[in-house]
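Trainee: I have a two-chain model to go through. Can we take it piece by piece?

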Amino acid sequence: MPILVQHRQIVVPGQLLAEGRDVEVKSQHTVYRVGDKLYSAVIGLAEVQNSRINVIALEGFYFPKVDDIVIGIIIDLGLTSWTVDIRAPYTAILHANDALNKPFNPLKDNLRRYFDVGDLLVAKISVFDRTRNPILTVRGKGLGKITKGKIVEIVPSRVPRLIGKKGSMINMIKEETRCQIVVGLNGRVWVVGPSPLHEEVAILAIKKVERETHTTGLTDRVRAFIREELKKRGLMS
Amino acid sequence: MKPEGLKLINEEGLRVDGRKPDELRPVVMEVGVLKNADGSAYVQQGNTKVIAAVYGPREIHPKHLTLPDRAILRTRYHMVPYSTDERKSPAPTRREIELSKVIREALESVIFVELYPRTTIDVFIEVIQADAGTRTAGIMAASLALADAGIPMRDLVAAVAVGKVDGQLVLDINQLEDEYGEADMPIAMMPSLGKIVLLQLNGVLTEEEFKQALQLAKKGIMKLYEYEQQALRKKYVEIKPEEV
């Protein structure tokens with residue numbers, strides 16, 4: 001079962017990764033098999049662990065999955081539902097019943113009172129089966145309208161790197177910048193900090209992680225980067 | 001009509017631009033050249049210059065084009081008015097419509113379209129300067145742009161034309177050789193899988209010549225494939241970790 005690529009090597013579409021039936025693949029759509037041969041389908045980083053192989057895409061769009069936490073923007077409203085942009089190939093739908101804690105009567109009430117066009121929200125995908133557009137819910141812990149802070153957009157396929165192994169990267173950024181950060185899997189990141197300057201530093205750090213996704217030793221470099229930026233702004237001595 | 005005294009291959013066996021029969025034109029490839037597109041690429045082969053942009057997968061408008069089980073691919077091959085020595089009308093010609101179709105069909109076999117039902121992937125190929133081989137340069141630019149957009153695909157597509165000029169098979173023909181040669185055969189392949197995704201032939205080749213032409217094209221395609229892979233990797237190799 002020869003694996004022909006190194007751990008963390010950059011691979012391109014069509015590149016032969018491994019040969020043999022006993023090589024395990026752990027991936028959604030980034031590796032494909034023809035007979036005994038495994039090829040990469042995207043530009044990405046190879047992850048090799050014993051006889052397991054995976055490719056983490058460097059470029060990519062967001063494709064919805066049930067239970068994903070996403071950050072959406074209201075783009076339209078109907079009588080009993082909102083249309084939400086979630087940066088996916090499909091627009092999502094948020095029904096009034098999934099947003100309010102009471103029955104909704106369109107005769108007496110107006111959706112605009114709760115979410116208006118342009119509002120941002122943290123939501124969870126509750127239903128999606130590819131034959132219809134995804135349906136969102138904002139019922140649940142940490143879900144709902146965004147009223148303060150800043151939003152940054154990053155390439156969706158680089159979200160896993162921003163989170164890091166068991167949240168190591170994002171927790172470090174949160175601690176160092178004293179910001180609260182919510183990462184939507186669709187590549188939108190919500191930052192709320194004690195001051196706009198703290199938020200600015202957190203955003204710079206997030207952008208740095210996005211730009212240098214494929215490099216090693218990133219967590220420590222970002223930590224040093226944040227401390228320096230905080231000092232520059234007089235937020236840390 | 002061939003101008004009087006024009007020799008496409010000289011006494012030393014070299015071509016009008018000084019190349020050997022099996023030599024490619026100088027190649028430049030760059031990925032991620034457009035900010036607004038989801039993926040983009042620039043390909044230059046000799047004097048042929050092509051830019052490609054990819055958008056999607058995204059929602060289809062108009063809605064009735066939607067397919068319930070796969071993504072549709074919309075491809076536009078277009079030559080800008082200043083790409084040729086005589087101004088070309090910007091309206092799509094019969095030729096451009098045909099090329100859009102054959103390029104679309106080539107790319108459809110490369111992309112995993114069945115993963116993204118009810119969406120569209122839009123590919124725009126603009127020829128900035130034409131000196132023969134625009135469809136092959138275009139299809140390479142498109143495949144690089146698709147990879148840059150992160151769309152899962154079986155392989156990159158590398159393509160080259162083989163021509164017959166003054167009775168001899170030559171690789172990667174230019175405008176003069178295309179105009180006054182006897183045959184022009186563009187070929188596009190998925191090189192790692194060894195599959196041909198586009199093959200056209202304008203002119204006449206014998207069966208033996210056809211086989212030789214195919215071998216010659218494969219040789220050129222393997223070289224172009226390397227350039228493509230380098231171009232893709234370069235985008236990331238250039239981003240070095242910053243010193244702190």
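Trainee: Which residue forms a salt bridge with A:Glu59?

Mentor: This is a predicted model, where local features need pLDDT of at least 70, side-chain atom pairs count only at pLDDT 80 or more, and totals for chains, interfaces and linings use all residues. Residues are numbered from 1 along each chain as written, chains are lettered from A and ligands numbered from 1 in written order, and side-chain values use heavy atoms, without hydrogens or water. A salt bridge here is a side-chain nitrogen of Lys or Arg within 4 Å of a carboxyl oxygen of Asp or Glu. The closest N and O atoms are 3.2 Å apart, and the partner of A:Glu59 is B:Lys235.

Trainee: How many salt bridges are there between chain B and chain A?

Mentor: Polar contacts (N or O atoms within 3.5 Å, one able to donate a hydrogen and the other to accept it; residues adjacent in sequence count only through side-chain atoms on both sides) come to 16 residue pairs, both at pLDDT 80 or more. For salt bridges between chain B and chain A, the count is one.

Trainee: What area do chain B and chain A bury between them?

Mentor: Contact means heavy atoms within 4.5 Å, and 34 residues of chain B touch 34 residues of chain A. Buried area is the accessible area (1.4 Å probe) lost on putting two parts together, summed over both. Carbon and sulfur atoms carry 60% of it, and the total is about 3,000 Å².

Trainee: Which element gives the most to the side of chain B that touches chain A?

Mentor: Helices (H or I, at least four residues) and strands (E, at least two) are DSSP runs, numbered from the N terminus. E3, H2 and H4 of chain B each supply at least two residues to that side. With six residues, the top contributor is H4(B).

Trainee: In what order do the five strands of the open sheet in chain B lie?

Mentor: Strands pair if DSSP finds at least two bridges between them. The edges are E1 (27-31) and E4 (72-79) of chain B, each pairing on one side only. E4(B) and E5 (residues 119-129) of chain B run parallel, joined by eight bridges. Pairing in the sheet is mixed, and the order is E1-E2-E3-E5-E4.

Trainee: Where is B:Pro62?

Mentor: The peptide bond from B:His61 to B:Pro62 is cis, with omega near 0 degrees. The bond from B:Gly56 to B:Pro57 is cis too, and B:Pro57 lies in strand E3 of chain B. B:Pro62 sits in the loop between E3 and E4 of chain B.
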